[in-house]
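Keep the structure in view while reading.

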Amino acid sequence: MATSPRILLAHGGGGQLSRELIDREIVSRFGAGPLQGLPDGATVAVDGPEVIFTTDSFVVQPIEFPGGNIGDLAVHGTVNDLAVCGARPRWLSLALILEEGLEIELLRRVLDSVKAAADDSGVTVATGDTKVVARGQCDGLFVNTAGIGDRLPGFELSPKYLREGDHVLVSGPIGDHGFAVLAARENIHIKNGPKSDSAPVHRLVQAASDWAAEVRFMRDPTRGGLASVLNEMVENSAIGIQIQEERIPLSAGASAVSELLGLDPLHVASEGRLLMVCSAAAAPAILDTWQAMPEGCGARDIGTVTDAAGRVVLETLMGGHRLVDVPRGELLPRIC
Amino acid sequence: MKYIEGFRNPGAAAALREDIRALTEALPPSLLRQGYGGQANRTTNIMEVCGSHTMAIARYGIRDILPSQIKLISGPGCPVCVTDAGYIDTAIELARRGVTIVTFGDMLNVPGSDTSLAAVRSEGHSIEICYSPLRALELAREFPEREIVFLAIGFETTVAPALAVIDQAIAAGVENLSLLVAFKLVPPALAALMTDPDLQIDAFLCPAHVSAIIGADAYQPFTGSEGVPCVIAGFEPLDILLGLKGILTQLGSGIAEVDNQYSRVVTDAGNRRAQALMETYLEPADVSWRGIGVIPASGLALKAEWSRYDAEQRHNVRVEVGKMDPACRCGDVIKGIASPFDCPMFGNVCTPSSPFGPCMVSSEGSCAAYYKYSR
Amino acid sequence: MCLAVPMLIKEIFSPHRGLCDLDGSLQEVDISLIEDAVVGDYVIIHAGFAIERLDREEADTRLALFEELATLREALV
């Protein structure tokens with residue numbers, strides 16, 4: 001029988017085709033570590049008495065977009081969730097839900113990206129699962145990853161540690177991922193636009209660990225963008241945050257698409273940026289350290305913690321002030 | 001981005017702020033109006049007619065940098081916000097009949113009488129969000145077996161693109177595409193406001209891109225001895241400050257003229273090609289504005305000869321005027337007569353997540369802004 | 001109403017279609033509403049349509065005024 005160029009329902013049936021798919025596509029890439037021999041569960045080593053454990057699912061459309069695909073996104077998403085909790089990412093699970101008819105060539109590109117992103121992030125795919133569903137029951141390919149990381153010493157992170165006068169740092173231009181995905185949807189017809197910023201942030205966290213006691217809180221501003229993360233930090237709190245529009249880093253592509261579609265960059269996701277609140281004393285040193293790294297060269301100090309309880313305020317280019325609100329729901333191009 | 005960022009120059013903004021402050025201080029006291037409900041602060045009321053001005057004023061915190069006597073009032077010029085609930089009801093009915101609805105994203109959460117397009121999409125009906133009306137033509141070609149209806153809302157700016165799509169559909173022999181028309185016109189809305197004896201508006205900040213289509217001369221009827229200053233401004237923040245400066249200059253010298261501060265785009269006569277398309281396909285119609293009511297000849301409808309592209313005719317539906325709660329004060333808020341706080345629905349029945357009138361539908365409408373800032 | 005941005009026409013494919021640039025991002029737009037559009041024109045794009053031409057001379061005059069205002073102010077502060 002000739003090999004099908006597409007995923008068949010039989011690839012998920014547990015028989016010979018399933019076995020071939022796992023051997024050729026999964027074991028060939030990830031089979032060296034705990035996955036060797038395909039045990040039902042992985043035995044993994046950790047450093048200390050506590051680990052950080054997280055999970056995330058990925059359903060991005062289109063599956064491939066400028067600057068990445070669902071594979072590296074699924075690695076970076078989970079690695080970054082671990083990193084912002086103050087962990088060194090170590091182990092990853094990889095669960096795939098494939099739609100009948102998916103091109104195997106596309107699956108290969110996605111798995112190559114998973115492998116490259118995992119290697120770059122210092123994590124090992126230790127366990128996984130593959131299911132095939134009938135046409136129409138998922139949109140091409142869904143991915144779930146769970147991750148385990150070693151807790152880095154010194155970080156005590158929570159929004160409750162924010163103090164008036166603390167500084168807010170962002171590790172690079174915001175919104176490129178969200179704008180790249182929006183622009184890649186065919187009906188907007190934008191070419192040569194922004195590229196996704198999908199990347200791991202664990203090295204930035206590691207680099208800040210010398211000042212761990214001065215770091216109050218970290219997040220990666222994904223869905224809902226910077227606006228959502230900042231608002232979550234000050235919700236029901238006695239403090240607020242003020243940021244300055246002129247300091248918010250934006251790429252040329254993100255600016256262009258934001259103008260064209262009428263979307264506020266503060267509402268748009270990044271997938272490789274780190275937002276940190278730290279003491280005013282530590283901010284310059286952390287910023288200097290980041291700016292010397294490739295993934296932090298666009299880092300900026302964008303604002304401070306204030307006593308305006310529960311409010312996130314933007315000082316605009318015009319010198320006026322406005323509340324930064326959270327996006328209502330899905331991001332849609334505006335005409336008004 | 002030169003022609004965008006150059007119009008956001010912070011240094012120039014600071015200079016213009018000072019000019020605006022000086023002009024405001026020099027205004028004759030007779031120009032200051034009594035505040036709402038006898039408040040002590042007297043104001044000069046400037047209406048920004050257009051929803052995009054409202055959005056830009058909010059985005060750049062422009063109210064915050066103006067002298068407190070200058071009160072900016074958001075006018076009726078957000079086509080999404082003033083879309084009548086009855087129109088949404090008709091779009092929903094078409095979707096439920098199996099028609100593919102193509103719409104700008106702004107419309108998705110506008111409430112109909114009972115539900116919204118977003119809710120109907122979640123029931124599995126076909127509702128496509130577009131950036132351009134050209135998407136409707138693409139879909140009509142791609143799926144000849146499907147009936148496509150484009151939600152043709154908008155003021156003059158958006159009318160021409162929708163008509164160009166029909167023009168191209170006719171040329172290409174595409175027959176499964178029609179428009180559910182709710183086009184609205186700015187000058188008749190201004191005329192209706194001007195004839196209202198209760199109006200508390202001292203000047204109009206006139207829209208940028210509507211004016212690009214209709215031309216600066218269209219505002220002449222609202223100026224002169226019985227009129228108010230009409231200043232056309234672009235949507236960048238410095239454009240807005242220059243527009244306000246132009247208004248204050250006129251108010252200070254007691255004149256009321258058309259002043260085109262967006263001369264890089266707006267001409268006296270407007271875009272003739274767009275106007276010609278409108279003349280070919282459309283005729284004036286009385287239309288209903290959410291929260292305001294029916295304004296005579298304030299909209300456009302497809303002429304009878306184009307009825308096959310008119311979704312109401314083609315699918316045998318009729319847009320009825322939606323239910324209006326008599327308690328909604330949006331009409332008065334828009335005229336500058338009432339504050340959102342004067343409305344009994346504000347903050348309880350009518351909130352940003354379940355808006356009723358246009359001032360709450362728009363995220364930067366007067367009521368939505370008051371709600372957000374008074375939390 | 002009517003969000004629109006200035007873009008530079010880079011290529012014209014037909015009386016209807018052109019390719020426009022905004023700082024490197026390219027978008028195919030409908031140019032049928034512009035009389036005698038040529039490559040090098042700046043046009044205002046709304047909902048995928050060029051709705052009017054941007055007069056560069058007028059725009060540059062304004063920008064020069066803003067520069068001057070900003071410089072004067074800097075000198076004062």
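At what angle do helix 2 of chain B and helix 10 of chain B pack, and how far apart are their axes? The angle is about 20°, and the axes of helix 2 and helix 10 (residues 237–253) of chain B are 9 Å apart. This is a predicted model. The points below start with that helix pair, then turn to chain A and the interfaces.

**Chain B: a helix pair**

- Since angles under 35 degrees count as roughly parallel, helix 2 of chain B is therefore roughly parallel to helix 10 of chain B.
- Helix 2 and helix 10 of chain B make a left-handed crossing.
- Helix 2 of chain B brings B:A12, B:A13, B:L16, B:D19, B:I20, B:L23 and B:T24 to the contact.
- Helix 10 of chain B answers with B:P237, B:L238, B:L241, B:L242, B:L244, B:K245, B:L248, B:T249 and B:G252.
- The contact between helix 2 and helix 10 of chain B holds 11 nonpolar, three polar and two charged residues.

**Chain B: overall**

- Chain B has 15 helices and 11 strands.
- Its radius of gyration is 21 Å, close to the 21 Å given by the globule rule for 375 residues, so chain B is as compact as a globular protein of that length.
- The C-alpha trace of chain B spans about 65 × 45 × 40 Å along its principal axes.

**Chain A: overall**

- Chain A contains eight helices and 14 strands.
- The radius of gyration of chain A is 21 Å, close to the 20 Å of the globule rule for 336 residues, so this chain is as compact as a globular protein of that length.
- Along its principal axes, the C-alpha trace of chain A spans about 70 × 55 × 35 Å.

**Chain A: helices that pack on helix 3**

- The axes of helix 2 (residues 70–84) and helix 3 (residues 104–121) of chain A come within 6 Å and cross at roughly 30°.
- Helix 2 and helix 3 of chain A are therefore roughly parallel to each other.
- Their crossing is right-handed.
- From helix 2 of chain A, the contact residues include A:I70, A:A74, A:V75 and A:V79. Those from helix 3 of chain A include A:V110, A:L111, A:V114 and A:A117.
- By class, the contact of helix 2 with helix 3 of chain A has 10 nonpolar, four polar and one charged residues.
- Helix 1 (residues 16–30) of chain A also packs on helix 3 of chain A: the axes come within 10 Å and cross at roughly 15°.
- That angle makes helix 1 of chain A roughly parallel to helix 3 of chain A.
- Helix 1 of chain A passes helix 3 of chain A in a right-handed crossing.
- Here A:E25, A:R29 and A:F30 in helix 1 of chain A meet A:L107, A:R108, A:L111 and A:K115 in helix 3 of chain A.
- This contact of helix 1 with helix 3 of chain A has three nonpolar, no polar and four charged residues.

**Chain A: a seven-stranded sheet**

- Seven strands of chain A form an open sheet with mixed pairing, in the order 9-11-7-12-10-13-14.
- Strand 9 (215–219) and strand 14 (321–323) of chain A are the edge strands, each pairing on one side only.
- On average, neighbouring strands of this sheet are turned by 25° against each other, direction ignored.
- Three bridges join strand 13 (residues 312–315) and strand 14 of chain A in the antiparallel sense. A:V313 stands opposite A:L323 in strand 14 of chain A.
- Helix 8 (residues 283–291) of chain A packs on the sheet and touches strand 7 (167–170), strand 11 (275–278) and strand 12 (300–306) of chain A. The direction of helix 8 makes about 5° with that of strand 7 of chain A.

**Interface of chains B and C**

- Here 38 residues of chain B contact 31 residues of chain C.
- Helix 7 (156–171) of chain B is among the helices that each supply at least two residues of this side. Helix 7 of chain B gives the most, with five residues.
- The side of chain B that touches chain C has 23 nonpolar, 13 polar and two charged residues.

**Interface of chains A and C**

- In this interface, 12 residues of chain C are in contact with 16 residues of chain A.
- Strand 3 (residues 25–30) of chain C gives the most to the side of chain C that touches chain A, with four residues.
- That side of chain C divides into seven nonpolar, three polar and two charged residues.
- Strand 8 (residues 190–191) of chain A runs antiparallel to strand 3 of chain C, joined by two bridges. A:K191 stands opposite C:L26 in strand 3 of chain C.

Conventions
Residues are numbered from 1 along each chain as its sequence is written. Chains are lettered from A and ligands numbered from 1 in the order in which they are written. This is a predicted model: local features need pLDDT of at least 70, side-chain atom pairs count only at pLDDT 80 or more; totals for chains, interfaces and linings use all residues. Two residues are in contact if their C-beta atoms, placed from the backbone, lie within 7 Å. Ala, Val, Leu, Ile, Met, Phe, Trp, Tyr, Cys and Pro count as nonpolar, Asp, Glu, Lys and Arg as charged, and the others, Gly among them, as polar. Two strands pair if DSSP finds at least two bridges between them. Axes are lines fitted to C-alpha atoms, for helices over the stretch in contact, and angles run from 0 to 180 degrees between N-to-C directions. Angles under 35 degrees count as roughly parallel, over 145 as roughly antiparallel, 65 to 115 as roughly perpendicular and the rest as oblique. A crossing is left-handed if the near helix is turned anticlockwise from the far one by less than a right angle, and right-handed if clockwise. The radius of gyration is taken over C-alpha atoms; the globule rule is 2.2 Å times the number of residues to the power 0.38.
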